[in-house]
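Biologist: Could you take me through this model, beginning with the metal site and then moving on to the rest?

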Amino acid sequence: MSSPNAPQRLVLVLLSLAALGISVAASRATFDLLILGGTVLDGTGKAGVRAEVGIKDGLVARVGNLRGESATDTVDASGRIVAPGFIDVHTHADDPAETPLLENFIRMGVTAVVAGNCGSSSESIASEFEAIRRNGIALNFATLVGHNTVRAAVLGTAQRAPDAVELSRMKSLVAKGMEEGAVGFSTGLQYVPGSYAARDEIVELAKVAGKAGGLYASHMRNEGTRVAEAVEETIAVGEAARCPVQISHLKIDSPNRWGTSGALLDLVAAARRRGVDVRADQYAYTAGASSLSIRFPDWVLEGGRAKIAERLNDPRTWERIKGEVKGLLAERGFTDLSWAVIASYRDDPSLNGLSIKQAAARLLGRDDAEAQLETARQMLGKSNPQMVYHFMSEDDVKRIMKDPDVMVASDSGVLTPGQGAPHPRGYGNNARVLARYVRESRTIPLEEAVRKMTSLPARHFGFKGRGEVRAGFAADLVVFDLAKVADPATFEQPHRYAAGFGDVIVNGVPVIRKGAVTGARPGQILRRTPNGGPAGTVLPAGTVLPARPR
Ligand SMILES: [Zn+2]
C-alpha cells in the first residue's frame with residue numbers, strides 16, 4: 001500500500017479532526033487566548049494602559065486594541081490589572097517534581113521561581129530537571145548550585161579550609177551544576193558548613209560560576225551587627241570573581257542596628273556606580289524564618305547530630321555554649337529568645353506556633369531567659385526545628401523596599417496546607433507588597449512594585465524574553481484586582497492562599513482560571529542568558545534545555 005500524497009493526507013487529517021469533534025475553525029483564530037479590557041502594566045515601571053493582550057503559541061503576539069479579533073479562548077480582565085507574571089528569584093522550591101503545581105506560588109501570581117538559594121541545592125541538577133520534565137511543572141523553574149551542598153559533598157561538616165585537591169573537586173562540582181543548567185552559585189554563610197568557608201574559597205567557586213555565565217547569590221555571613229561588612233564581602237566576591245551579584249533577603253535583623261538600612265543601600269549603590277552588577281531582594285515582613293541552630297556558635301554544630309547532642313548534653317560544655325549564645329544575643333540587642341517562634345518541630349509538633357518563651361512555660365513551668373535557653377537546648381538536642389524570628393523593623397523594611405534595585409522575593413519553599421507552621425511569606429509575599437505597601441501605606445507605587453517583581457528580576461537573572469508584557473515575550477501573565485488583593489496568611493494561621501489573583505498564565509496556558517487552579521503544567525526550565533537585556537533577540541518562550549544535558 002502506497003502512502004497518501006499531501007492533499008490526501010490533509011483530507012485525512014481534517015476528517016479525523018472532525019471525527020474527534022475538534023473545530024478546525026478554532027485553529028484558524030488569530031489568537032489562542034485574548035485578554036480583554038484590562039489595564040496593562042508592562043513591567044518596566046511605565047504607567048498602565050488600557051489594552052488587550054493577544055497570545056499565540058505561548059508568546060505575547062500583540063498588545064493593543066484587539067477587540068473584535070478572533071481567539072480560541074478569552075479572559076475578561078475588565079477593571080483588573082494585566083501584568084507580567086511575578087518572578088521570585090529567592091525560593092527554596094527545591095525538588096518541585098514532588099509538588100508540581102507549586103500552588104502557594106501560583107496563587108500569588110508567581111510564574112517563575114529560582115531555587116537552590118542560601119547555599120542549598122539539589123545534589124544533581126540534571127536529575128532534578130529530569131524529574132521536573134517527567135512530572136511537568138505549573139510554573140517556570142531555574143536553580144542555582146549551592147555552596148553548602150558542594151562543600152558537604154567534599155568536606156562533610158568539617159570546620160577547616162579545603163586542601164588543593166578538595167577545592168578542585170568543589171570547583172568541578174560547581175562547573176557540573178552550571179553545565180547542567182544552573183543560573184549561578186549561591187552561598188548560605190550563616191549555615192554549616194558554608195559558615196566555615198573563608199572568602200578565598202567562595203571567590204574561587206564563584207569564578208567557576210561566573211565563567212559559565214552565572215551570577216553569585218548570597219545569604220550573607222551576617223545580617224545584623226556586622227551586616228555592613230557582610231555586604232562589602234558579598235560585593236568583593238563578585239568583583240574578584242567577575243560575576244554579577246545578588247544579595248539575598250536584604251534585611252537588618254538586630255535591634256541595635258535598626259535604622260541603618262540606608263547606609264547598606266548606599267554601599268550597594270556605590271558598588272553599582274563603580275561597575276559591579278549588584279542587586280538585592282527582600283521579603284515584605286518584619287520576621288524571618290530559619291533553623292534554631294543558627295542561634296548557636298558554629299563549633300557546636302560540627303560533626304553531625306550525635307556530636308551536637310553530645311555537646312549540648314554535657315553540663316560543662318553546655319555552660320560554655322550557653323555563655324556564647326547569650327553573648328551572641330546581647331551583641332545584637334536581645335536579652336532572651338522570646339522573639340523566636342517554633343514553626344515546625346518534628347519531635348513535638350504540639351509546640352508548633354509557640355514562642356520559645358511560651359514553650360518554656362509549657363515544658364518547664366517557667367519562662368525566664370534561662371528557661372528559654374534550656375528549652376532551646378532540649379529541642380536542638382533532638383533535632384533542628386524550623387523557626388520564625390521576629391527581628392526586623394518596619395522602617396527598614398520600607399526603606400529597603402523603596403530602593404529601585406531591590407526585588408520582591410519570598411524566600412519560601414513549596415508549602416502544603418496544614419503542614420507545620422511556616423512563615424506566611426510563602427503564601428502571601430507578593431500579595432502583601434501590593435495590598436499593604438502599595439494600596440494601604442503607599443510606600444511604593446503600583447508600577448514600581450510590579451517592576452520589582454518582573455522586569456528587574458528577569459534582567460538581572462538573564463531570563464531573556466520574560467518579565468514584560470511585550471510582543472515576542474513569553475506569555476507569563478497575571479491578572480489581578482488591586483482592590484481585592486489580600487494576604488490572609490499570618491504567623492498564627494499561615495496556610496491561607498493569597499487572594500485577588502484571578503487568572504495566572506504561564507507560557508500562554510492558564511494555571512489559574514477565575515480563581516481556580518487548572519492543574520496545567522506548562523512551566524519550562526529557564527537558563528540564564530548573560531547580559532540578557534530587554535531589547536535584542538527574543539528567544540521563543542525563553543530558553544529551554546534540551547531533553548538531556550549535552
Ligand atoms: Zn537565606
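Modeller: The discussion below covers a predicted model.

Biologist: Which protein atoms are the donors of the zinc ion?

Modeller: The zinc ion has as protein donors C118 through SG, H219 through ND1 and H249 through NE2, at 2.0 to 2.2 Å. Along the chain, these donors follow the spacing C-x100-H-x29-H. The two histidines link distant parts of the chain, being 30 residues apart: H219 belongs to strand β11 (residues 215-219), whereas H249 sits in the loop between β12 (245-247) and α9 (261-273).

Biologist: And are H219 and H249 buried or exposed?

Modeller: H219 counts as buried because its relative accessibility is 4%. H249 is buried as well, with a relative accessible area of 1%.

Biologist: You mentioned β11. What is the strand order in the sheet, and is the pairing parallel or antiparallel?

Modeller: The sheet is open and has 6 strands in the order β9-β10-β11-β12-β13-β17, with parallel pairing. Its edge strands are β9 (145-146) and β17 (406-408), each of which pairs on one side only.

Biologist: How many bridges are there between β12 and β13?

Modeller: There are 3 bridges between β12 and strand β13 (residues 278-282), in the parallel sense. Within that pairing, V245 has V278 of β13 as its bridge partner.

Biologist: What packs against α4?

Modeller: Helix α4 (residues 125-135) has I125, A126, E128, F129, A131 and I132 as its buried residues. Those buried residues pack against β8 (140-143), β9 and α6 (164-180). Just after the helix, G136 adopts a positive phi of about 75°.

Biologist: Let us change topic. How is the chain divided into domains?

Modeller: Domain 1 takes in 85-286 + 392-476, and domain 2 takes in 299-389. The contact between them draws on 15 residues from domain 1 and 16 residues from domain 2. Their C-alpha centres are 28 Å apart.

Biologist: What area is buried between domain 1 and domain 2?

Modeller: About 1,100 Å² is buried between domain 1 and domain 2, and carbon and sulfur atoms give 47% of that area. On the domain 1 side, the residues that lose the most area to domain 2 are Q159, P255 and A421, together 32% of what that side buries.

Biologist: How many salt bridges are there between the domains?

Modeller: The count between domain 1 and domain 2 is 2 salt bridges. Given the domain bounds, R332 and D253 are a pair to inspect: their side chains meet in a salt bridge, with N to O at 2.9 Å.

Biologist: How many salt bridges does the structure hold, and which could we look at inside helices?

Modeller: The structure holds 41 salt bridges. K176 is partly exposed at 36% relative accessible area, whereas E180 counts as buried at 11%.

Biologist: And the other helix?

Modeller: That is helix α11 (residues 315-332), where K322 and E319 lie 3 residues apart, about one turn of the helix. Their salt bridge has its closest N and O atoms 3.6 Å apart. K322 is buried, with a relative accessible area of 11%, while E319 is partly exposed, with 47%. Elsewhere, salt bridges that share partners join D73, R80, D503 and R513 into one network.

Biologist: What surrounds V53?

Modeller: V53 lies in strand β2 (residues 49-56) and counts as buried, at 0% relative accessibility. Beyond its neighbours within four places in sequence, V53 contacts several residues, including L33, I35, V60, R62 and V469. V469 is 416 residues away along the chain, yet the C-alpha atoms of V53 and V469 are separated by 8.2 Å.

Biologist: What does R62 pair with?

Modeller: R62 forms a salt bridge with E69, and the closest N and O atoms are 3.5 Å apart. E69 counts as partly exposed at 30% relative accessibility, and R62 counts as partly exposed at 39%.

Biologist: One last topic: why is β14 described as largely enclosed?

Modeller: Strand β14 (residues 287-291) is largely enclosed by the rest of the structure because 5 of its 5 residues are buried. It runs antiparallel to strand β16 (residues 386-390), to which 5 bridges join it. In that pairing, S290 has M387 of β16 as its bridge partner.

Terms used. Residues are numbered from 1 along each chain as its sequence is written. This is a predicted model: local features need pLDDT of at least 70, side-chain atom pairs count only at pLDDT 80 or more; totals for chains, interfaces and linings use all residues. Side-chain values use heavy atoms; hydrogens and water are left out. Donors are N, O and S atoms within 2.8 Å of the metal (3.2 Å for Na, K and Ca); water is not among the atoms, so sites may look incomplete. Helices (H or I, at least four residues) and strands (E, at least two) are DSSP runs, numbered from the N terminus. Buried means under 20% relative accessible area, exposed over 50%, partly exposed in between (1.4 Å probe, protein chains only). Two strands pair if DSSP finds at least two bridges between them. Domain bounds come from an automatic or database domain assignment. Contact means heavy atoms within 4.5 Å. Buried area is the accessible area (1.4 Å probe) that two parts lose on being put together, summed over both. A salt bridge is a side-chain nitrogen of Lys or Arg within 4 Å of a carboxyl oxygen of Asp or Glu.
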